[in-house]
Amino acid sequence: MQMVLPESLQTQLQSYLFAQGTTPCAYVHSFGCQLNVSDGERIRGVLQQIGYTLTNHYEDADLILFNTCAVRGSAEDRLYGVLGNVKRYKRENPNLILVLCGCMASETHTAEFVRTHYPYVDILFGTASLSRFPKLLLEHFQGEKFAFDIGEYDDMYEGLSPSREHPFQASVPVMFGCNNFCTYCIVPYVRGRERSRKPDQIIREVRELIQHGYKEIMLLGQNVNSYGNDLDTSVTFAWLLQQIDEIPGDFVIRFLSSHPKDATPDLLDTILNEKKIGKHLHLPVQSGSDDVLRRMNRQYTTKKYLEIVDYLRSRNSDFSLTTDLIVGFPNETEIDFAGTLDLVRRVKYDNIYTFIYSKRRGTKAAEMEDKISSKEKHDRMEQLLLLQREVATEHYRRFLGRTLRVLVEGKSKRDGWLIGKDLAFIIVEFSGEESLIGTFVDVKVTKIHNWAVEGELQ
């Protein structure tokens, strides 16, 4: 479904764009999470509808757009470094349009900081203002030195048709924002409160993707488990998964990210029972200490978390679990950290995504006293990674000699080898022809690593 630009706006924009008689090029780069990447695909679609062609090299672009991340302070530092690097392209081409958008651009202090320190940025808009980008572009063409909009959300998102970067894997947002307010997290402040898309809009988008041959559908949200809580109907995320599973076609359904407090028995049963839903759950725990979880405002205990794990594994002993872990949260004790190590041993994660805590301005945790040294945090991180390598290597033994159905994603780093994932999100490497990319194949596992398995094509 295309966004319908007012005819007058479309005409005005194109009169500026094609004034030189050539087709302008745009470069779009999204930092951060998969929701940001999904937003970037819709921005690419808007630019193409206006009249731009897309380029993968910002040296060739007439418009450069950076879709920013605000999860960690280091993400902001990196972005400002990139802005410094592209300044010379503005000098070489005064007509180059430089745009900042996304989560970082949604922070109230960013617009003034950018205006003051990076005056060559032309347009800035937040996550809520994506559909208003064409209007801001017109304001720039009409002489506005710094066009920006970090206002409220509107209903125009459904009119934004994405220009997808991948031919057989697609991300589909089901909701935006977050109501949880974990003390370390900036997301509720930059993406707002939870807002669910209407189920018919999601199902229609997925159905169209399947009709066009897509093999993997990744449903996205800051907390997909709470999908539907803000709608007038009684729909839930479990119900939505069931509806998508019924769509005819050969494809796999995955989703990110889940919050343990909303992992209901109905949702767990749906994941276990429906055929096309991946037998994998990314369930961020963040810490194995109840005291740390309380100070993070995570709203569950390790006991509650392990009840979810035990139920899944009692129904399917091979069920795959991955998680996020923060090391060195303010005043995390050795006992707290030992709880995290014990949890990793107990759950036997197939993979973990680890982060050393760093202060994030605007969050409650940034105000907490922190007596842990940087060395202690890094030492703990090393211990955690060493343990996970041991745990994963042993846990992957369950696949030895078994045949897995794998969606082939691309070429491996090894010549003549391919890489993909099975239904449980396990990385699988094997020797095969590139023509298999984008198809499902059977691979018999012959060897295990601490991050993947490898095997032979059947």
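Okay, so a salt bridge here means a side-chain nitrogen of Lys or Arg within 4 Å of a carboxyl oxygen of Asp or Glu. Keep that in mind, and remember that the model we're looking at is predicted. Side chains of opposite charge can pair when their charged atoms come close. By our rule, the count comes to 33 salt bridges.

Let's pick one. Asp122 pairs with Lys90, and their closest N and O atoms are 2.7 Å apart. Where do these two sit? Asp122 is in the loop between helix H5 (108-117) and strand E5 (123-125), while Lys90 belongs to helix H3 (residues 73-92), so the pair ties together parts that are 32 residues apart in sequence. Now, buried or exposed, what is Asp122? Buried means under 20% relative accessible area, and Asp122 has 9%, so it's buried. Lys90, with 13%, is buried as well.

Lys375 counts as exposed, at 59% relative accessibility, and Asp379 is partly exposed, at 36%.

Glu205 and Arg197 meet at 2.8 Å, N to O, and both residues are buried. They belong to a network of salt bridges that also links Glu41, Arg42 and Arg164.

Last stop, the strands. Five of them make a closed barrel, in the order E15-E16-E17-E19-E18, with mixed pairing. Neighbouring strands there are turned by 50° against each other on average, direction ignored. Strands E18 (residues 440-448) and E19 (residues 453-457) run antiparallel, joined by five bridges. For example, Lys444 has Glu456 in E19 as its bridge partner.

Note on methods. Residues are numbered from 1 along each chain as its sequence is written. This is a predicted model: local features need pLDDT of at least 70, side-chain atom pairs count only at pLDDT 80 or more; totals for chains, interfaces and linings use all residues. Side-chain values use heavy atoms; hydrogens and water are left out. Two strands pair if DSSP finds at least two bridges between them. Helices (H or I, at least four residues) and strands (E, at least two) are DSSP runs, numbered from the N terminus. Axes are lines fitted to C-alpha atoms, for helices over the stretch in contact, and angles run from 0 to 180 degrees between N-to-C directions. Buried means under 20% relative accessible area, exposed over 50%, partly exposed in between (1.4 Å probe, protein chains only).
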